[in-house]
Amino acid sequence: MIIKFDDGIPVTLEQMLIAKEQRVKHQQAALEQFNHPLICLSLVIPGPIKKSSGTNLLFQEAIKAIKLSLASKSIVISNEQYFHANTGSEAIISTKYQADELKQLCIDIENHHPLGRLWDIDVIDPITQHSISRTVFDEQSRQCLICQDSAKNCSRSKKHSLDEIFAVIENRLKDYLKSQ
């Protein structure tokens, strides 16, 4: 199977900022409509191409992992919304479950699923209307895909090339698909 991350349309920083504003609007609308905690999924994809055949596959695997995890705890989904744009795919999943416990479940997915490091799974508390931080659970910030440094540090300093990062992402995805 050929996995490609360069078969999409490059986006600008301005487009990403507009997409972030839209994401917040979608989240606020879901909070107003359902008043339940939200699971908000996006992908951790560097570079200007955010939507590709490779990211589509990663997104579908993330949705499967979230739904399997929720089902294992008998957590019922109240509503789910999916948004697919050149700036990336996103999901908003609403459920009647304790926000803190839901965040811990999502941290477990990110930490233990073979592809979890490639997903950003936030939980928004309907009371505070803010995302619950990993640090609430004494979780470290996420590590770089390549080295043991903080992902934020490597990203800011551009420590690794896009080719290096995508080689790691492609290998993780290929290894995962072989194991299925």
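The crossing of helix 2 and helix 5 is left-handed, a term used when the near helix is turned anticlockwise from the far one by less than a right angle, with right-handed used for clockwise. The model examined here is a predicted one, in which local features need pLDDT of at least 70 and side-chain atom pairs count only at pLDDT 80 or more, while totals for chains, interfaces and linings use all residues. Residues are numbered from 1 along each chain as its sequence is written, and side-chain values use heavy atoms, with hydrogens and water left out. Helices (H or I, at least four residues) and strands (E, at least two) are DSSP runs, numbered from the N terminus.

To stay with the helix pair for a moment, helix 2 and helix 5 pack with their axes 12 Å apart and at an angle of about 50°. Axes are lines fitted to C-alpha atoms, for helices over the stretch in contact, and angles run from 0 to 180 degrees between N-to-C directions. Helix 2 is therefore oblique to helix 5; angles under 35 degrees count as roughly parallel, over 145 as roughly antiparallel, 65 to 115 as roughly perpendicular and the rest as oblique. Helix 2 brings Gly54, Leu57, Leu58 and Glu61 to the contact (heavy atoms within 4.5 Å), and helix 5 brings Ile169, Leu173, Tyr176 and Leu177. By class, six of these residues are nonpolar, one is polar and one is charged. In this scheme Ala, Val, Leu, Ile, Met, Phe, Trp, Tyr, Cys and Pro are nonpolar, Asp, Glu, Lys and Arg are charged, and the others, Gly among them, are polar.

Helix 5 spans residues 162–179 and also holds Ala167. Ala167 is partly exposed, at a relative accessible area of 36%; buried means under 20%, exposed over 50% and partly exposed in between (1.4 Å probe, protein chains only). Its C-alpha atom is separated by 9.8 Å from that of Ile146, 21 residues apart along the chain.

Four strands form an open sheet in the order 2-3-1-4, with antiparallel pairing; two strands pair if DSSP finds at least two bridges between them. Strand 2 (77–85) and strand 4 (119–124) stand at the edges with a single partner strand each, so one side of each lacks a neighbour in the sheet. On average, neighbouring strands of this sheet are turned by 15° against each other, direction ignored.

Strand 2 and strand 3 (residues 88–95) pair in the antiparallel sense over eight bridges and form a hairpin with two residues between them.

Eight of the eight residues of strand 3 are buried.
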